[in-house]
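Here is a briefing on one protein model. Look through the sequence and the fold before reading the points below.

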Amino acid sequence: MRKPIFQHIITVVIFTSLLLSACQSALADPQAAEEKMLTSVAQTLTAAPTLTPKPTATPTITPTITPTSAPVLYGPTDFPDNVNPLTGEIVEDPSILDRRPVMVKVANQLAARPHAGLSNADIVFDYYIGSGGDRFTALYYGKNDSNVGTVRSGRYVDIPLVQMYNGILGMVSAWKPVLDDILGTLGGRVINTEHCNDGYDAICRTGPVTDETNVFANTEQMSLLYDSRDADNNVRPNLDGMAFGSTAPSGGETATQFTMHYGKNYNQQWNYDETTHKYLRWIDDVDEFGNSSMIPLVDRNTGEQLAFSNVVVIFAELDVLNGDADSLHKYQFAHKNGRALVCRDGKVYEVTYTSEWNEPFSFYDEDGNPFRLQPGNTWMHLTGLGSKVEEQFPGEWMVSLRMP
């Protein structure tokens, strides 16, 4: 294809100008002028056109997806060998489950606080003992604790609880009629301070007998002591019945705070912590003038506030056996369709429970399906059938004990 004549004219003009410039320079330095002329001409004729770059698209950044852990779903039966059926959690050493659960009586009077070892318990049962006070039975299965206490005396309620969870019971002693019933039912599965000198530091005093707050238990030593008595029966029991799921069930009502009220200066308060998905424990503190306020309840072994995944209220028939003295009680748990409340994940649920003499509490939703607890430890408040349930402020619930 022939080039347009206009392009030829421009080329001749440029070339002529370069020649004139070169001739003028040649008068001073002929050789340099010649080289400069040839270079200029070549650059002019071969220079590439300047291109305006096209804008490029902004690269799309693919967000990094953080993998989420698979939902936990265990129970109420067929628990894997390494999963604790009382917490729905994997244990570090599955062999710890090859024994009976260890259950220890723990005092809750003001002089005995702060408590020791409750943060390692799988379940803590909290029940009324009279005069507005309460006491605990702490259960250890997936973990041990070398310092639990202070240890106190047994009560009638321990008989069905220890039977239901196939446990052994640690206590100081009990009132004679109660002690006879406990020993008559549980026999060698009861351990008290008499056995501190049997070669095992199971339940021992750290001070004079006159002090009620100096007795502590070592759950591993308790298990070893019982094993030395009856190794054939200190084996893994069938503890099916509880169900666990990391995803909160549908329904329920907001419960950022929950309080169990047994009596003056015996308020058991829980405040939900969204970060840990646990309820943090608070308790009454009484000053020298008798004024009460709520303070964090800590484990004296760690100095950390107690935190539980589930807070449960069991409604049962509560009988007073000695009238106005109000110091001797029996709980009769429903065999089926008993009323219960479950607090988990910042909500409270109305559920039902069943109980059998050799099976743990089982919980069910309104459709009769197993109600799943949050995997982790559980605090169970035991109260009477007529106890009052009320939402005092939005999301703040209280159950107040009502005697028959």
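A residue is buried if its relative accessible area is under 20%, exposed if over 50%, and partly exposed in between, using a 1.4 Å probe and protein chains only. By that rule Val348 is buried, at 9%. The model is predicted: local features need pLDDT of at least 70, side-chain atom pairs count only at pLDDT 80 or more, and totals for chains, interfaces and linings use all residues. Numbering runs from 1 along each chain as its sequence is written, and side-chain values use heavy atoms, with hydrogens and water left out.

**Overall build**

- The protein has 5 helices and 27 strands. These are DSSP runs numbered from the N terminus: helices are H or I with at least four residues, strands E with at least two.
- Of its 404 residues, 46% count as buried.
- A contact means heavy atoms within 4.5 Å. Among contacts with a separation of 6 or more, 63% join residues 24 or more positions apart.
- The accessible surface is about 20900 Å², and carbon and sulfur atoms hold 53% of it. Areas come from the Shrake-Rupley method with a 1.4 Å probe; for residues, only the protein chains shown count as cover.

**Around Val348**

- Val348 belongs to strand 22.
- Leaving out residues up to four places away in sequence, Val348 touches Gly252, Glu253, Ala255, Leu341, Val342, Cys343 and Trp397.
- Val348 and Ala255 are 93 residues apart in sequence, yet their C-alpha atoms are 5.5 Å apart.

**Pockets**

- A pocket is an open set of points with protein on both sides within 12 Å along at least five of seven lines; a cavity is a set where a 1.4 Å probe fits but cannot get out; lining residues have an atom within 4 Å of a point.
- Points are joined across faces, edges and corners, and a volume is the space filled by probe spheres set on them.
- The largest pocket has a volume of about 420 Å³. It is lined by 21 residues, and Ser250, Gly252, Tyr349, Glu350 and Phe371 are the closest to its centre.
- Strand 22, residues 347-356, gives the most to this lining, with 4 residues.
- The lining of the largest pocket splits into 11 nonpolar, 4 polar and 6 charged residues. Nonpolar covers Ala, Val, Leu, Ile, Met, Phe, Trp, Tyr, Cys and Pro; charged covers Asp, Glu, Lys and Arg; the others, Gly among them, are polar.
- The second largest pocket holds about 360 Å³. Of its 19 lining residues, Glu89, Ser119, Asn120, Asp122 and Lys143 lie nearest the centre.
- The lining of the second largest pocket has 4 nonpolar, 9 polar and 6 charged residues.

**Cavity**

- The count is 1 cavity of 30 Å³ or more. The largest cavity has about 50 Å³ of space.
- Its lining consists of Tyr127, Tyr128, Ile129, Arg155, Val157, Ser327, Leu328, His329 and Tyr331. Strand 5 (123-130) and strand 20 each give two or more residues to that lining, and strand 5 has the largest share, with 3.
- By class, the cavity lining has 6 nonpolar, 2 polar and 1 charged.

**Aromatic pairs**

- The structure holds 12 aromatic pairs. Rings of Phe, Tyr and Trp (its six-membered ring) pair if their centres lie within 6.5 Å; planes under 30 degrees apart are stacked, over 60 edge-to-face, and the rest tilted.
- One of the pairs is Trp270 with Phe308, edge-to-face at 5.8 Å centre to centre and 70° between the planes. Trp270 lies in strand 15 (residues 266-273) and Phe308 in strand 18 (residues 307-308), so the pair ties together parts that are 38 residues apart in sequence. Both residues are buried.
- Ring pairs also join Tyr331, Phe333, Tyr353, Phe361 and Phe363 into a cluster.

**Backbone points to check**

- The peptide bond from Gly75 to Pro76 is cis, with omega near 5°. Pro76 sits in the loop between strand 1 (73-74) and strand 2 (83-84).
- The bond from Gly149 to Thr150 is also cis, with omega near 5°. Thr150 is in the loop between strand 7 (148-149) and helix 3 (158-164).
- Asn166, not a glycine, has a positive phi of about 50°. Its loop runs between helix 3 and strand 8 (168-170), and Asn166 is buried at 16% relative accessible area.
- Asn337, not a glycine, has a positive phi of about 60°. Asn337 is in the loop between strand 20 (329-332) and strand 21 (338-344), and is exposed at 60% relative accessible area.
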